[in-house]
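These are my notebook entries on one protein chain.

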Amino acid sequence: MNILILGRGKTGSLVAEAARERKHEVRVLASAENPHGSALTADNLRGIDAVIDFTTPAAVIANISACIHAGKNIVVGTTGWYDELARVREMVESSGVGLLYGANFSVGINLFFEIARTASAALRHQYFGQIFERHHAHKKDAPSGTALMLQKAIRESSGKDLEITSFREGDVVGMHEVVFASSNDDIYLCHDAKSRRGFAEGAVLGAEWLAGKKGFFDFRDVWREL
Ligand SMILES: NC(=O)c1ccc[n+]([C@@H]2O[C@H](COP(=O)([O-])OP(=O)(O)OC[C@H]3O[C@@H](n4cnc5c(N)ncnc54)[C@H](OP(=O)(O)O)[C@@H]3O)[C@@H](O)[C@H]2O)c1
């Protein structure tokens, strides 16, 4: 595939590496080359099979809109824009492109969501639950998109909204914990990302999966098919 990656940051660079290893043709655009999504015209995107966005919450909506207008499928790894989810979904569904988004493209964290969903049965048995998330000091959004997805997964299976506490420190890649505490015992669930490679590989597999598809997809629902 011909893949255009938006963002030459910590994750975008690894996505480029992972895509090249899977024998894709890769181009990367940095912010200076693409202010407000201006590089994403139909002309510039001719020959591109998929765009992958790992930019910033401030940049991502303009990038998504430009890809939709150019009729290009897009994989969105960027987080911090989910209050716009309904509007973006409508734009995608009325346009005939494919969009795959995910707060976390690692297979491990998606398994973790399922474990948390199952363990949330504790909330029906006098346990009190909390979510903690830790990320590097430069992360722009808080709580993390992953913590919000975790909260949603637990809400869907238990009807209860757990409080999220965020820590920003050092160079932590991404740690998410769920604690269920009762007067008898505590249950600790923890997912600790060791590197960003898991996200990058998942995003590339996601772009391959999205090829030829139309519609609005959440990585959480499709990762088993990769
Ligand atoms: N879904 C997942 O699995 C997953 C995993 C990791 C990270 N993320 C999310 O992905 C996003 C990026 O994370 P990161 O850690 O890689 O951040 P980062 O290192 O700060 O990289 C973001 C990059 O985006 C560039 N950028 C900004 N606007 C742009 C535009 N219009 N066109 C092209 N590039 C643009 C920035 O360039 P300048 O520095 O020049 O502005 C920067 O290099 C965040 O929202 C993060 O939460 C998601």
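I count a contact when heavy atoms lie within 4.5 Å. Helices (H or I, at least four residues) and strands (E, at least two) are DSSP runs, numbered from the N terminus. Buried means under 20% relative accessible area, exposed over 50%, and partly exposed in between, with a 1.4 Å probe and protein chains only.

I note that this is a predicted model, in which local features need pLDDT of at least 70, side-chain atom pairs count only at pLDDT 80 or more, and totals for chains, interfaces and linings use all residues. Residues are numbered from 1 along each chain as its sequence is written, and side-chain values use heavy atoms, without hydrogens and water.

Entry on the whole protein. I find 7 helices and 10 strands. Of the 226 residues, 51% count as buried. Among contacts with a separation of 6 or more, 70% join residues 24 or more positions apart. I read a box of roughly 65 × 35 × 30 Å for the C-alpha atoms, taken along the principal axes.

Entry on helix α6. This helix covers residues 197-210. I list its buried residues as F199, A200, G202, A203, V204, G206, A207, W209 and L210. Their cover includes α1 (10-21), β3 (50-53), β4 (74-76), β5 (98-101), β10 (215-218) and α7 (219-222). After α6 comes G212, which has a positive phi near 80 degrees.

Technical notes
Expected span 1.5 Å × (residues − 1).
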